[in-house]
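Have the structure open while you go through them.

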Amino acid sequence: MSYISKVINENINKRKRELSIDSSSSMYTKNKKMQKKINDNFPTNTSLSSSCSFSNPEIPHSENKNLKNDESIIINDNLDIGKFINTSIPIDDFTKCALLEKHWVPPPGYIYPFSIHIRQGKEIKRNVLPVHLQNNHWLVLSDCMKGLFCKYCVLFAPNTSNNVTLQTFVKKPLKNFSKLTGKDGDLKTHGNHKYRKFAVQSVNNFLAAYHNPQKVIINQINTQRSIQVNENRKRLVPIIETIIFCGRQNLALRGHRDDGFLNDDAGPSNEGNFRELLMFRISAGDKTLESHIKTTTSRSKFISKTTQNDLIDCIGEEIQSQIINNVRMAGMFAIIFDETTDISHVEQLSLVLRYVLDNKVHEDFITFVDAYKSIRPEDIPNPYEVKLSGKALGHVVLDIISKLGLDLDKCIGIGTDGAAVMVSVLWCSIGDTKKMLCPCFNHALNNSLAQASTIPSIRNTIGTLKAIIAFFNTSAKKHKLLIDTIGHKLIGLCQTRWVELHDGIMQFKKILPQLVIVLTEITKWKESSMTTSKAKSFVLSIFDTDFIFALTCLSYVLERTLPLSKILQSSTIDLKNASEIVQCTITVLQSNRTNCISEFAKLYIEVQQLASELDIDLKVPRINIKQTHRENYNSQSIDEYYRISMFIPLLDSIIEDLKRRFTLSSMEAYDLSLFIPKTFLQQKMYCTSDYQDRVLNVSKRFSSIEPNKLHGETILGELEIWCQKWKLIAEEGIEKCPDNAIEAFSSCNAEVFPNIKFFLQILSTMPVGVASAERSFSTLRRMKT
C-alpha cells in the first residue's frame, strides 16, 4: 500500500534511497541497473572514436574498469563540471558517479581555449591540447567556464588546506596554460598536494561503495534494520485498513475514550468502531495485529486518536495526490463547486474536478473548505460583516486550485448551481472569459418547476402537501397508523433532492384515497383537539376541487420531467446529451400545450375517477364579474374553467422558464457537438462551407488551451477525413455511429485526428450539473450526525 510509506519515519526512507536498498528482493541495487540508468540519462555519442578513451593509473579497480569497457565518450554538456561549481544545491551520488565516469569531453572539431603570454616582446598562445586530457584522467575541461578542473578535487577535496581556501583546479578553473607540463608544471604540482591525494582515495572508496553496496559495512549492518522496518510496516497494515474501512462505510471512528490499552475483556462497554474493529480482527485470527498489540508499549501501538488523525491525513493526501495526477494526465479539467451551511453551522465549500481519462468521464471530489476562513483579506471590506459574494467564492476556488498545483489554463469550464451569488461577480474573480460557465442543468430545471408555484392553486396545493407530510412525521402514533393503512411512509418534498420531489407528488396522488381514510380516523381521536382539528382541516382541503385539479395537473407535468431530472444527475452525461434531452422535454411540453384541449380531456377523466373514489362533487368556484384578485374566467363547464385557469398557465410558465434558462449558447456548447458523427450525419451538414466556418470559430474559441496545437488548415483537413469515415460507416447503418461525446472520443484515433479528439475531450469534460458536489454534502451530514 503506497500510503504506508508516509507513516514511516522519513529518515528511514531517506537512508534507504542513499544505500539503494530494495526491501522487496535483494536489498541492494545492482551495478548493471545503475549503469543502465546512467546510460539512459546521459547518452553517449558513438561518433567519437575509441582513441579518445584514456586510463588512469591512480584508480586501478573501479573507474578504469568501467572506462575500459566503454568505447564512447559523453558529449552531453549537462555533465560539464563547471555547472556544478559554487552551487548551493548538493550533488547527489548518482550525479557524482556520472561526473567521474562520463564527464563532458570536447567533441571533434572543438576549438580549445588558449591563453596569451608575452615572451621577449612577442605574443605567444598556449592552448589546452587533447593530449593533456588523455594523459591526466583527473583533468577535465569546462566548456562553460573555459578552463581546467580536477574532477576529484571538485567533488571530494576539503574546502581549505592548511587554513588556505582552495582555488585553482577546485573552486576556480585554471585559465593560464603557459606552464601546464614539466617537472614544475601546474599539472604535476597539483598532483603532489596532500588534499589532492586525499580526494583520489575518496574517489576510490566512493566508486567501490557505489558499484558494490553489498560490500559496505554500514549496509551489512543496516540489513537487520531493514528487516525491522518491513516488520513495522506490516504491523501498520491492519490499522490502516481498519481506518479505510470505516471511511468507506461512513462510520465514525471514535468511542467514549480512544486512549489506553486495547482490552477485549472490557465487558459490555463500547470502545468505538475503530477499537472494536481492531479487537474483531484479533479474534478473527490476525496474528500480526495481535502480536503488535501485545508486545509493544503504549507509545508505539499507533491506535491513539492522534495517530488516527495523522493516518487519515496521509490517506487523504495520497488519494488527493492520485486524483491530481490523473487530472494532469487527462490534460484538461472542469471545476464543479457548491457551498452550503452544514449541520454544525460551518459554511462548507465542496470542490469536485471533472476530467476524461482512459475513455471514461470522472467526477472526483477533492476537498471541503470552510468558506469564511478561506476568504482573502481584500474581500472583507467590513470585518464585522463578512459576506460570501461571488467574487469572494471565486477567489477561494482559485486559491484551492493554486494549492493543488493545477494549471488554470487547462480549465475549460466551471460548473455552479446558477445562483445569483455564483454568477454575478464570479466571472470577474476568475478573470478569464475564455472559460465556459456551465450552470447546473438540474438546478435550472428545478427552478423552472418552481415557477409553477406562481399559480395560486398550485402554490396552495404544494403547501398543503408539505403540511400533511410534516403532520405525520411529528408523531409516532400517527406515523404507525399511516404505515398500517398504506404500507409505507410519505416521501418528502425536498427542494434539493429533485427526483424525490417528483416521486413525492406522484405518490401523493396515488395514495390520496387511503390517506383520506387515515385522516378521517384521526379526526375521531379524543386525546388531542389540536390533532383532530388539523386532520379535519386537511380532509376539507383535499376535498376542495382546486386541490384535486392542481394535484393532477402537477403530476402530469412532473411525469414528463422526471426522466430528465434522473439523467441529469449522472456524472458521465455530456453536454450534448443533456442539451438534447432538455430540448426533447421542451418539445413535448410545447406539443402538450398545442393540444391542450385533448390532453386536458384525459386529465379530466382522471380527476373524475379520483373524485368518485373520494365521494366528492366537482364544482367551479363562485364567479363574480367584478372580481380582480383571483381567476375569474367565464366558462361553460368545469373542465373548460380549470383548463383555462390552471392547466394552460402551468404549461406556459414552465415552458417559458425552461427556454429562458436553457439558452441557445449553453445548449450548443459553442458548436462542439459538430464533431459528433451522428449529429453532422443526421443534419447532413458535413463538408459544407457553413459547417467549416463554424468549426473554425470553435478552433479560435479554444485555441488558448493548446496554442501550439490548433491550426485551422490541419483542422479542416482532419474534418474532411473524419466526415468521410463516418459517412461510409453510416451506409451500413447510422446506429453504428457514436451519438455522444465520450463514445466519439473513444472512437477517435489521436494520431490521425489529434484536433478533433481534442475538441471531443472538451465536450466530454464540460460539466452538466453539480450533483456530485451535492452528494458530498449528504455524505458530510451523515458523518457529522
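1. A cut-off to start with: buried means under 20% relative accessible area, exposed means over 50%, and partly exposed is what falls in between. Cysteine 144 comes out at 42%, so it counts as partly exposed. Keep in mind that this is a predicted model.

2. Staying with cysteines: cysteine 748 has a relative accessible area of 5%, so it goes down as buried. As for disulfides, the structure has 0 of them.

3. Next, have a look at phenylalanine 169. Its phi is near 75°, a positive value, and the residue isn't a glycine. Most residues other than glycine have a negative phi. You'll find phenylalanine 169 in the loop that runs between strand 6 (164-165) and helix 7 (186-191). Is phenylalanine 169 buried or exposed? Buried, because its relative accessibility is 4%.

4. Aspartate 615 also deserves a glance: phi is positive there too, about 60°, and again this is not a glycine. The aspartate sits in the loop between helix 24 (596-614) and helix 25 (638-661). With a relative accessible area of 69%, aspartate 615 is exposed.

5. Last one: leucine 575. This residue belongs to helix 23, which covers residues 575-594. Its relative accessibility is 1%, so leucine 575 counts as buried. How far apart in space are leucine 575 and leucine 763? C-alpha to C-alpha, the two are 6.6 Å apart, while 188 residues separate them in sequence.

Notes:
Residues numbered from 1 in each chain as written. Predicted model: local features only at pLDDT ≥ 70, side-chain atom pairs only at ≥ 80, totals over all residues. Heavy atoms only, no water. Helix = DSSP H or I, 4+ residues; strand = E, 2+ residues; numbered from the N terminus. Buried < 20%, exposed > 50% of the residue type's maximum accessible area, 1.4 Å probe, protein only. Disulfide = S-S within 2.5 Å.
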